[in-house]
Amino acid sequence: MKAFARRQGRSILIVAALCAALSGTANAAENTGKPSSGAMVADMIIGRPLMLVATAVGLTVYVASLPFSLAGGNAEEAGQALVVGPAKNTFVRCLGCKNAGYDGT
């Protein structure tokens, strides 16, 4: 039991140190206008998988709400907000950039 607690404590320290290092490199990237390597790694490991999940969830919500969106006349806007926006941030945004597009710095 003590070994598990010790291992868990080490894991928390490693994650905290990684987060601190990544946030420091992200701040440096804001000054230059180009994403840093830390921001790219964080985007690849955390950001892209989360945006992929957001795209899938948005697609599910869009399909479920489609009859109501069609009745209200805003199916296109709902599709843009729920599916296209997250998909652009997942697949079109440059690695580590904040805005969608190939020049999203």
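Of the 105 residues in the chain, 22% are buried, where buried means under 20% relative accessible area, exposed means over 50%, and partly exposed lies in between (1.4 Å probe, protein chains only). The model is a predicted one, in which local features need pLDDT of at least 70, side-chain atom pairs count only at pLDDT 80 or more, and totals for chains, interfaces and linings use all residues. Residues are numbered from 1 along each chain as its sequence is written, and side-chain values use heavy atoms, with hydrogens and water left out.

The predictor's confidence in each residue is called pLDDT and runs from 0 to 100. Its average over the chain is 80, and 66% of the residues score at least 70. Over residues 25–29 the pLDDT stays under 50. For that stretch the model has seven contacts beyond four places in sequence, a contact being heavy atoms within 4.5 Å.

The chain has three helices and zero strands. Both terms refer to DSSP runs, numbered from the N terminus: helices are H or I with at least four residues, and strands are E with at least two. Read along the sequence, the pattern is α-α-α. Among contacts in the chain with a separation of 6 or more, 52% are between residues 24 or more positions apart.

Helix H2 covers residues 37–72. What would a straight helix of 36 residues span, and what does H2 span? The straight helix would span 52 Å at 1.5 Å a residue, whereas H2 spans only 45 Å between its end C-alpha atoms. The expected span here is 1.5 Å times one less than the number of residues in the helix. H2 also has a bend of about 60° at Leu 66, with a proline, Pro 67, following within four residues. The bend at a residue is the angle between axes fitted to the seven residues ending there and the seven starting there. Just after H2, Gly 73 has a positive phi of about 80°.

The buried residues of H2 include Gly 38, Ala 39, Thr 55, Tyr 62 and Ser 69.

Side chains of opposite charge can pair when their charged atoms come close. A salt bridge is counted when a side-chain nitrogen of Lys or Arg is within 4 Å of a carboxyl oxygen of Asp or Glu. By this rule there are two salt bridges. In one, Asp 43 pairs with Arg 48, and the closest N and O atoms are 3.2 Å apart. Asp 43 has 7% relative accessibility and so counts as buried. Arg 48 is buried as well, at 16%.

In the other salt bridge, the side chains of Arg 93 and Asp 43 meet at 3.0 Å, N to O. Arg 93 lies in the segment after helix H3 (75–91) and Asp 43 in helix H2, so the pair ties together parts that are 50 residues apart in sequence. Salt bridges with shared partners join Asp 43, Arg 48 and Arg 93 into one network.

Is Arg 93 buried or exposed? At 9% relative accessibility, Arg 93 counts as buried. Leaving out residues up to four places away in sequence, Arg 93 touches Asp 43, Arg 48, Met 51, Lys 88, Lys 98, Asn 99, Ala 100 and Gly 101.

The angle about the S-S bond is -50°, and the link is left-handed. Cys 94 is partly exposed, with a relative accessible area of 23%, whereas Cys 97 is buried at 5%.

Gly 101 lies in the segment after H3. Which residues does Gly 101 touch, not counting residues up to four places away in sequence? They are Val 92, Arg 93 and Cys 94. Gly 101 and Phe 91 are 10 residues apart in sequence and 9.1 Å apart in space, C-alpha to C-alpha.

Methods:
A disulfide is a pair of cysteine sulfur atoms within 2.5 Å.
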